[in-house]
Structure formats: structure tokens, C-alpha cells
Amino acid sequence: MSLLRNITSGLRSLFRKGQVDRELNEELGAYLEMAAAEKMKQGMSRKDAVRAVRLERGSLEITKEVVRSGVWESFVETCWRDLRLASRTLRKSPGFTVVAVLTLALGIGVNTAIFSALNATILQPLPYKNPEQLVMVWGLEPRGCCRHGGMVFSSPNFLDFKDQNRVFENIGAFDGTGFTLTGVENPEKIHAGRVTADFFTVLRARPMLGRPFLPGENEPGRDHVVVLSYGIWQRRFGSNSNVVGQTIRLDAKEYEVVGVMPHDFDFSIPNYYGPMDLWVPIVLTRDNSERKHNYLNVIARLNPGVTVRQAQAETNIMTARLRREYSSTTEQSNAPPTTTAETNEHSGVMLGTKLEPLRDEIFGDVKSPLLILFGAVGFVLLIACANVANLQLARASARQKEIALRTALGASRGRVARQLITESVLLALVGGAFGLLLVFWLIKLLTGLLPAGMPQGTSITIDANVLVYSLTLSLATGLLFGLAPIFQAFSRSPIESLKEGGKTTATGDGGLRLRGFLTASEIALSMVLLIGAGLLTRTFVGLLNVKPGFETENILTAQVTLPKYSYAGTRQQTDFYTRLLEAIATLPGVKAAGAVNDLPLGAGRDSDEFTIERRGAKDVSSSTGSCQDRLISPDYFQVMNIPLIKGRTFTKADASSAPPVVIISQSFARRFFPNEDPLGHLQTRQQQRPGRQLWGLWETCGTSDWIETQTSRFTRPINRTSCLTIRFRT
């Protein structure tokens with residue numbers, strides 16, 4: 001019989017059962033008449049012939065059951081009967097059913113919710129072609145203080161790295177900036193990505209309108225072109241398909257629109273980069289004096305068949321070769337004399353590279369917490385299974401006589417076990433259905449916990465994968481806790497159960513041991529969860545009690561960005577912020593006002609390499625490094641209530657025309673001045689800029705000082721910047 005005919009016949013048997021039974025009766029009756037006719041030809045009477053055929057062939061009803069059991073629809077029908085019986089049985093015990101369903105709903109619901117978060121982040125492929133080939137490339141410095149312990153690239157380092165590439169199909173670089181878009185309705189502050197021409201090629205992304213950037217557009221004078229995102233194209237340009245070729249004004253400068261990216265394109269790294277409204281070319285230079293000016297994030301696509309490990313080894317060889325090439329020339333022109341390879345870090349060429357898969361770069365911060373939560377809720381589900389199994393055991397002890405009677409009447413052990421498993425699976429499926437209602441609420445909570453700047457399309461939803469997982473988990477859970485009542489049902493013989501009149505309890509014949517094992521398992525799993533919860537609570541309380549070195553109560557912040565085309569000069573910017581802070585300080589209820597370029601507990605946009613000129617010191621190598629850099633106003637420390645340890649604060653006299661000064665953090669002092677007074681020492685920043693005299697020592701404040709990479713920090717007076725965060729205490 002063909003598969004299609006078999007399926008058609010089975011469906012007919014299920015949905016037209018009466019007609020199929022009549023046809024079977026007619027067929028068996030015709031066969032009986034034919035066999036009886038053969039007997040009658042041998043001289044038997046009709047009555048004796050029919051009786052002889054029935055004796056030879058057996059019961060007609062048994063024959064019918066044998067015929068029905070030989071097809072697949074019989075199994076479906078049996079399962080349906082088992083489900084109906086299980087439903088009636090559970091309705092007779094509403095208290096047990098409600099408790100079991102709610103317990104399973106909690107266990108299955110939280111597991112499904114965490115899986116939905118994993119499905120939206122770790123399990124979903126990135127929205128690029130062959131995303132497994134994409135890696136971020138970070139440079140290694142002996143005292144690097146950038147993302148994940150690595151450093152971004154300078155323009156000369158990037159170009160040299162790209163020239164010597166042999167393991168990457170393409171290499172691109174990107175950075176972020178801001179523009180004021182004018183000439184299209186109201187002015188708007190927009191986020192822009194500065195990228196190399198190969199950036200879109202690395203991601204294998206093509207504009208839906210126009211073209212990407214050309215290689216020559218990373219050169220000065222040819223960089224006034226722009227590629228729009230789909231969002232800003234819709235919002236500000238009305239989805240105009242003729243926008244390519246038009247001119248827009250960014251910071252009062254004209255840029256030609258050359259392309260529009262499709263709606264599904266997005267490049268974001270949470271808490272670090274993006275999302276962007278548009279992209280412009282970044283001007284690259286090979287000027288060796290810019291080798292220490294690190295600002296380029298590098299992304300690359302591996303050649304087919306090349307692993308991250310192989311690419312890591314090859315890029316380390318490349319950076320070592322570049323370091324040997326440039327260290328001698330830089331030493332002669334830009335750095336003080338050195339005697340060891342380690343102290344040749346004045347060259348600005350990185351010691352090596354660190355390759356991170358793009359997926360880990362984007363979702364690395366959420367991967368570990370989600371996996372830990374997934375393991376924790378797994379324990380919750382096991383505890384729920386143990387609870388329901390104990391309830392099932394207590395219930396099974398009261399059903400011993402019922403099971404014994406069914407066995408005595410001819411039901412096989414397999415048939416009884418299937419009925420008990422059906423009841424358990426039905427409980428789990430109902431619990432899973434209620435668990436999905438819980439998932440809808442938990443998804444809102446998990447979405448709020450995801451870091452800002454997740455890639456487009458990273459939304460926690462209940463999709464087909466989540467539904468399949470929930471169904472599979474429900475079935476597996478039902479099978480798991482359904483084993484306990486089966487073990488209890490067959491732990492005693494039917495005769496003993498019938499003799500005791502159904503008074504058998506779970507304390508006999510292994511039932512006590514099984515319940516004891518389940519109870520011990522619940523306690524053990526609960527202890528693991530309690531210990532974990534206790535440690536997390538202790539950590540959370542410890543974080544709440546950490547003193548970051550500043551106060552946050554009654555402090556308001558506002559970010560102010562000056563358009564560079566209106567405030568291009570240092571004096572203009574400084575005068576504006578001075579007048580603004582003076583005006584805010586005079587407002588009613590304001591005690592003090594200050595400004596800083598980057599808020600505390602955040603990665604700074606600026607990092608500087610420096611050399612400390614020690615009077616009479618011989619160990620030059622210990623006097624070089626790099627650290628985070630903050631620009632502040634004179635009253636900033638007063639606003640933040642940061643206590644002074646030693647020295648003095650900035651004053652209005654510490655302007656750009658005055659001798660440059662810095663204030664260092666306490667961790668900076670411990671690291672570079674462990675046994676001496678840091679005040680009065682000189683720091684020489686990169687590119688041989690004039691030294692800055694140390695005028696103060698401050699308590700540590702900032703992420704890298706107490707929770708991340710232990711990177712030191714120094715602070716300088718505001719002399720030139722177009723973007724500051726104003727903070728004032730009320």
C-alpha cells in the first residue's frame with residue numbers, strides 16, 4: 001500500500017469510524033459465509049458449518065481487534081482514549097492538578113523565557129553573510145586601556161597592517177562622530193559613523209540605492225560624500241528615491257549623498273558603537289607623527305578556511321615586523337633614547353594583536369549572564385519535577401488497587417505504564433501552556449535588562465524556535481517525573497495489592513527509598529540555588545556599598561555639543577562653557593556647576609601615552625605608559641564631592657595659555673610613584689608636547705579604577721573640546 005493511500009485510509013478510519021466498522025463487519029461476515037459454504041459442501045448442516053468455522057477462526061471481536069491494531073490509526077485512537085481517561089482522572093483530583101500545573105508552569109516558564117533571550121542573542125546568526133568569518137582586531141599595548149584590554153589603531157598602523165595582510169579577505173576601520181544636520185526642515189543632532197571604503201565590503205552589505213564609498217574617498221578633499229541609513233532616509237528625506245546625488249549640509253559643510261542602506265542593515269556594538277544615522281568616509285594618513293594617535297576600530301573578514309587561531313598567529317608576526325621597522329626611526333626622531341626592546345614602545349607600533357569574533361564582541365557581555373541564568377533555572381525545573389514526582393507517588397499509593405484490577409483483567413504492564421505516562425505528559429503540557437503566559441511577562445523584564453545599542457532585530461520574542469523548545473521541554477519533563485508513579489505501580493504484585501484492599505502506601509517495597517531520594521534531591525538542588533542566590537545577594541550588597549569616589553545624590557547632568565562650524569576656536573569654546581557654567585551656578589537651588597568630557601564609570605573617549613620625567617631616575621622603562629584622560633572645569637570636583645588627597649585643584653588661571661598641569665588619580669600615583677611624592681614631576685605626552693607639571697593627587701574615580709582593568713587616569717583643565725557634559729548639584 002502506498003504511503004498516500006495508507007494515510008488516506010487511516011484518516012478515514014479515524015473520522016468515519018462507524019462506516020469503517022460496518023464495512024469490516026460485512027467483510028468478516030462474507031468471509032465467514034464463504035468458509036461455512038465450504039463446510040456445507042462436505043455434508044455438514046449450515047448450523048454445524050458456522051459453528052465449526054467459528055471454532056477454527058476464534059472470536060469475531062478478537063479478529064476485529066487484531067485487524068484494527070495492525071494500522072497506525074489504532075495507535076492514535078488508543079492515545080486519544082488515554083488522553084480522555086487521563087483528563088477525567090485529573091479532574092477527579094483538582095487540588096493535586098492545580099498544584100502540579102502551577103509548579104510545572106513556573107519551572108517550564110522561566111526556562112522558556114531564558115531560552116527566548118538566548119535565542120534572540122547567542123543562537124541567532126548575525127545579519128551579515130558568512131558572519132563566522134567576521135572578527136574585530138585589537139592592538140596589544142603593555143599598558144593598554146581600551147576595550148577588552150586591547151587598543152584601537154592609529155591611521156599609520158592601520159594602513160601598514162592592511163598592506164601586509166595575508167589572512168584577511170578584507171579589512172575595514174570605523175569610528176564614531178556627531179554632526180548637526182541642517183537644510184532639511186529643523187536642525188537635528190545625528191550620530192554618524194566614519195568608515196573606510198572597505199567597511200561595507202567587509203560586511204558584504206550593498207546600498208539599496210546608489211553605491212558604497214570608493215577607495216579614493218578616504219583622501220582629503222574627496223571625503224565630502226555620505227551614505228544614509230534607511231531610518232534617516234525615511235524620517236528626514238521622505239523615502240525619496242531620487243535622494244542619491246543630492247547635497248545635504250552637515251556642520252554647515254556640503255556632502256553629496258551617494259547611497260542609502262537597506263532597512264535590515266545595522267552595525268552596532270552594545271555600549272560601544274552605534275546605531276548610526278549615516279556614514280561618511282574617514283580621512284587616513286601615513287604621517288608617522290600620528291602613529292600614537294589611536295582612534296580606529298578595525299574589523300576584518302577572514303579568508304575562507306582560515307581559523308581565528310591561525311589569523312592571530314599571522315597578525316602577531318605582522319605587528320612584530322612593523323615594530324622592528326619603525327622603532328628605530330621613531331626612536332631617533334620622536335622618542336628619548338632607549339636600551340631595551342620593551343622600552344621601545346615610544347614607536348607607537350603595537351606589540352601584537354587580539355582577534356575577537358564579531359559575535360563575541362557584540363553579545364559577549366550578555367552571554368555569560370544568560371548561560372548562568374539558564375543553568376540556575378534548570379535547577380528550578382529539576383526541583384519542580386521532584387516536587388511533582390513526590391505528589392505523583394503519594395497519589396499512586398492510593399491507586400494501587402485500581403492498577404492491580406486492570407492488571408488482573410488482562411492489561412499488560414506496558415499498557416498501564418503508557419496510561420500513567422500519558423497522565424504525566426498531559427500535566428506537563430498544561431503546565432507548559434500556562435508557562436507561556438508567564439513567558440510574556442518575563443520577556444518584558446529581560447528586554448529591559450539587555451544593554452543599550454543591541455543590533456537591529458535583536459528582540460526577545462516567542463517565535464517558532466521558542467515554541468518548539470517549550471513543547472520539547474514539556475514532553476521531556478512529563479516523561480521525567482512520570483517515571484516515579486510507574487516504579488511505584490509495579491513495586492508490588494497485583495495479588496498483594498488486592499489482598500490489602502488498596503491500603504498500600506508508598507512506604508513499602510522501595511517506595512520509601514524513592515520518596516526519600518526525591519526529597520534529598522530537592523533539598524540538594526535547593527541548597528545549590530540558595531547558596532548561589534546568597535552569593536549574588538552578597539555581591540549586589542557589596543556593589544551597593546562600594547564608594548566610587550564621588551557622590552550622585554542631587555546631581556543633574558546635561559550634555560552640550562557645540563557645532564564646530566560656529567565654535568571652531570579654542571577661545572570660543574572655552575568662553576562659551578565658562579559663561580554657561582556661571583549662568584547655571586546663579587540659578588536658584590544650584591550650589592555648584594561643573595563640566596567634564598566623559599562621565600565617571602564610563603570608558604573615556606581619550607587615552608594618552610606619556611613619559612614621566614623623573615629627576616635623577618635611572619629606570620626609564622617604569623616611567624612610561626598610557627591612561628584614561630578627562631577634561632574638567634575648575635569646580636567639577638566640588639560638584640562631585642571628590643575629596644582632595646594632596647596638592648591643589650584647578651583654577652581659572654589654568655587656561656590654555658598657562659603652563660599645562662594635570663591632576664592624577666590615586667591608582668596612578670600608586671602605580672608610577674609608589675615610593676615618592678608625585679607633585680612637581682613632569683609628564684611628556686605623545687608627539688613631544690610640552691610637559692605638564694603634577695599639581696594634585698585625587699582619589700580614584702571611574703570604571704577602570706575599581707572594577708575593570710585597573711587603568712590609571714589623569715585629569716586636565718578644559719582648554720578645547722566641542723562636547724561636554726554639564727553637571728550641577730542642587
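**Close-up views of a predicted model**

**View 1. An aromatic cluster.** One aromatic cluster is formed by Phe-174, Phe-199, Phe-200, Phe-213, Phe-265, Phe-267, Tyr-273 and Trp-279. This is a predicted model: local features need pLDDT of at least 70, side-chain atom pairs count only at pLDDT 80 or more, and totals for chains, interfaces and linings use all residues. Residues are numbered from 1 along each chain as its sequence is written, and side-chain values use heavy atoms, with hydrogens and water left out.

**View 2. The Phe-200 and Phe-265 pair**. In one of them, Phe-200 and Phe-265 are tilted, at 5.8 Å centre to centre and 55 degrees between the planes. Planes under 30 degrees apart count as stacked, over 60 as edge-to-face and the rest as tilted. Phe-200 lies in helix α8 (residues 199-202) and Phe-265 in the loop between β8 (253-260) and β9 (278-281), so the pair ties together parts 65 residues apart in sequence. Helices (H or I, at least four residues) and strands (E, at least two) are DSSP runs, numbered from the N terminus. Phe-200 is buried, at 0% relative accessible area. Phe-265 also counts as buried, at 10%. Buried means under 20% relative accessible area, exposed over 50%, partly exposed in between (1.4 Å probe, protein chains only).

**View 3. Helix α14, residues 464-481**. Buried in α14 are Val-466, Tyr-469, Ser-470, Leu-473, Ser-474, Thr-477, Gly-478 and Phe-481. They cover an arc of only 165 degrees around the axis (directions from the axis to the C-beta atoms), which puts them on the same side of α14. On the other side, Ala-464 and Val-468 are exposed. Asp-463 caps the N-terminal end of α14, with a side-chain oxygen 3.2 Å from the backbone nitrogen of Asn-465.

**View 4. Thr-353 in strand β11**. The strand covers residues 352-357. Thr-353 counts as buried, at 3% relative accessibility. Beyond four places in sequence, Thr-353 has contacts (heavy atoms within 4.5 Å) that include Val-137, Trp-138, Phe-161, Gln-312 and Thr-319.

**View 5. Segments with pLDDT under 50**. pLDDT is the predictor's confidence in each residue, from 0 to 100. The protein averages 77, and 74% of the residues score at least 70. Residues 329-346 stay under 50, with 30 contacts beyond four places in sequence. Residues 617-622 also stay under 50, with five such contacts. Where pLDDT is low, the predicted coordinates should not be read in detail.

Conventions. Expected span 1.5 Å × (residues − 1). Polar contact = N/O pair within 3.5 Å; in protein donor to acceptor, adjacent residues only side chain to side chain. Phe/Tyr/Trp six-rings, centres within 6.5 Å; stacked < 30°, edge-to-face > 60°.
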